[in-house]
Amino acid sequence: MSYDSKLWHPFAQMGAVRHGELVIERGEGVFVFDEDGNRYLDATASLWYANIGHGRREIAEAVAAQMQKIEAYSAFGDFATRPGLDLAERLTDLAPMPSRLFLTSGGGDSVDTATKLARRYWFEVGQPDRTLVVSRTAGYHGTHGYGTALGGIEANRVGFGPQVESAQVAWDSVDALRDRIGELGADRVAAFFVEPVIGAGGVYPPPDGYIQGVAEVCREAGVLLVVDSVICGFGRLGTWYGIERFDVVPDMITFAKGVTSGYLPLGGVIVSDEIAEPFFRAPDSPMFRHGATYAGHAACCAAAMANLDILEKEGLVARGRELEGALMDAFEPLASSPVVSEVRGGTGLLAAVGIDAAAVPDMGTAVAQVVKQARAEGVLVRGLGAGVAVSPPLTAEPEHLQMAADAIGAGLAVLAEQRSNVASS
Ligand code: PLP
């Protein structure tokens, strides 16, 4: 009988994947190796998170040292562990606004936390009708309850029945947000969620002035601005939280991924002092009745502290911006392929190559073919909707960016050849 996996993979067509997986065994810097010893350039930093690259001993040692003291302990009520407290000091110091830190288990967990906190904040300040959350087309905010409702990738919402009440606006229009808030009634809107650069929805940097524009609309309407920096944080855009380069001060920032570079799972929400105030004011102030078992997990926080040390010591945060030009230099020539619709990027170390559906014989398989060919060339890239994306570790060198572009170029050449075969037959 052929191989039949027992592992149900997220976001996978299991009918195919059950019969074969790419089993990654180890990693070293920007490269990973499968169980047969084949080497691949990790051009996506796994799922947008391996910002410092793979296999760093410093993190393993920091986690081991913490585990020898205590692996984890509850953070509910007045319990704490030192790594959780240290991380809160450090991350709020780095934040663009005076703030507190609420820790979670990952990105989707952070999005749901921020949504509930926005709603509970409005309840506490006497505006309980502000319950709606607004998000953008093509946005991605994870797969928890609120995040699924907020998500702008239609396929991710199909078949789950009614979602939490929310509204969506065109990803690139400040006016669309202003008009929609007007239609809904500002006094019903709790928060607007925005990714500084849309990641999983296909890599869409914001139009010039967009982030500043929506921040202004939110300010005027009294709507909380929640910046979802799960992908954009910790150097991906060249700053700590991805939002600083737009000179905007949000009410909350959700993060995960790069905070530990994925060495252990961790996420969180930076909450401005203003939003935290009703809960911190007095000993009998209301409790935010929310939080996951592993919030503030000591070993995960120790991994984050060691990761932040590396990001700081090696100047990696700035590299997200320093390398954005080199990434586009490598990728822009791909736009001349007859099967490419556009190359997107230029803000941070992430880019996508769109496939032109009208130019390929079978769009149903086109993206997968490019990913497959790139893999055969020894480079892991990500299929996203009608394109392929890259987001290399911040430790990548220009030669690695070129390797990624060349591998995608080889995939595009396969499609271009199919196109010319169809045309000539
Ligand atoms: N928000 C954004 C912007 C993301 O890109 C992601 C994941 O890619 C999430 C939230 C969800 O994070 P997680 O998969 O850790 O739940």
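Two strands are said to pair if DSSP finds at least two bridges between them. Strands themselves are DSSP runs (E, at least two residues) and helices are likewise DSSP runs (H or I, at least four residues), numbered from the N terminus. In this sense Ala351 stands opposite Val390 in strand S15. The structure is a predicted model, in which local features need pLDDT of at least 70 and side-chain atom pairs count only at pLDDT 80 or more, while totals for chains, interfaces and linings use all residues. Residues are numbered from 1 along each chain as its sequence is written, and side-chain values use heavy atoms, with hydrogens and water left out.

**Ligand site**

- The ligand is surrounded by Gly106, Gly107, Gly108, Tyr140, His141, Gly142, Glu195, Asp228, Val230, Ile231 and Lys257, where a residue is near a molecule if one of its heavy atoms lies within 4 Å of it.
- This shell consists of three nonpolar, five polar and three charged residues; Ala, Val, Leu, Ile, Met, Phe, Trp, Tyr, Cys and Pro count as nonpolar, Asp, Glu, Lys and Arg as charged, and the others, Gly among them, as polar.
- From a side chain, an N or O atom of Asp228 is 2.7 Å from a nitrogen atom of the ligand.
- On its own the ligand has 390 Å² of accessible area, and the protein covers 81% of it; such areas come from the Shrake-Rupley method with a 1.4 Å probe.

- Buried means under 20% relative accessible area, exposed over 50%, and partly exposed in between (1.4 Å probe, protein chains only).
- In a regular strand the side chains alternate between the two faces of the sheet.
- Strand S12 (residues 351–355) is an antiparallel partner of S15, over four bridges.
- Strand S14 (residues 382–384) also pairs with S15 in the antiparallel sense, over three bridges, and Leu384 stands opposite Gly387.
- S14 and S15 form a hairpin with two residues between them, and Gly385 in the turn has a positive phi of about 55°.

- S8 and S9 run parallel and are joined by three bridges, with Ile253 in S9 as the bridge partner of Val227.
- S9 pairs with strand S10 (residues 267–272) in the antiparallel sense over four bridges; Val271 in S10 is the bridge partner of Met252.

**Four-stranded sheet**

- An open sheet of four strands has mixed pairing and the order S1-S2-S3-S13. Its edge strands, S1 (24–28) and S13 (379–380), each pair on one side only.
- Strand S3 (residues 39–42) and S13 run parallel and are joined by two bridges, with Leu380 in S13 as the bridge partner of Asp42.

- Most residues other than glycine have a negative phi.
- Trp48, although not a glycine, has a positive phi of about 65°. Trp48 is found in helix H2 (residues 45–48) and is buried, with a relative accessible area of 5%.
- Phe234 also has a positive phi, near 55°. Phe234 lies in the loop between strand S8 (224–228) and strand S9 (252–255) and counts as buried at 1% relative accessibility.

**Cysteines and a buried arginine**

- A search of the whole structure finds zero disulfides, a disulfide being a pair of cysteine sulfur atoms within 2.5 Å.
- Cys300 is in no disulfide, and the nearest cysteine sulfur, that of Cys301, is 6.8 Å away.
- Cys300 is buried with a relative accessible area of 8%, and Cys301 is buried with a relative accessible area of 0%.
- Arg130 lies in the loop between helix H5 (107–124) and strand S5 (132–136) and counts as buried at 6% relative accessibility.
- Arg130 and Ala191 are 61 residues apart in sequence and 8.3 Å apart in space, C-alpha to C-alpha.

Notes: A polar contact is a pair of N or O atoms within 3.5 Å; within protein, one must be able to donate a hydrogen and the other to accept it, and residues adjacent in sequence count only if both atoms are side-chain atoms.
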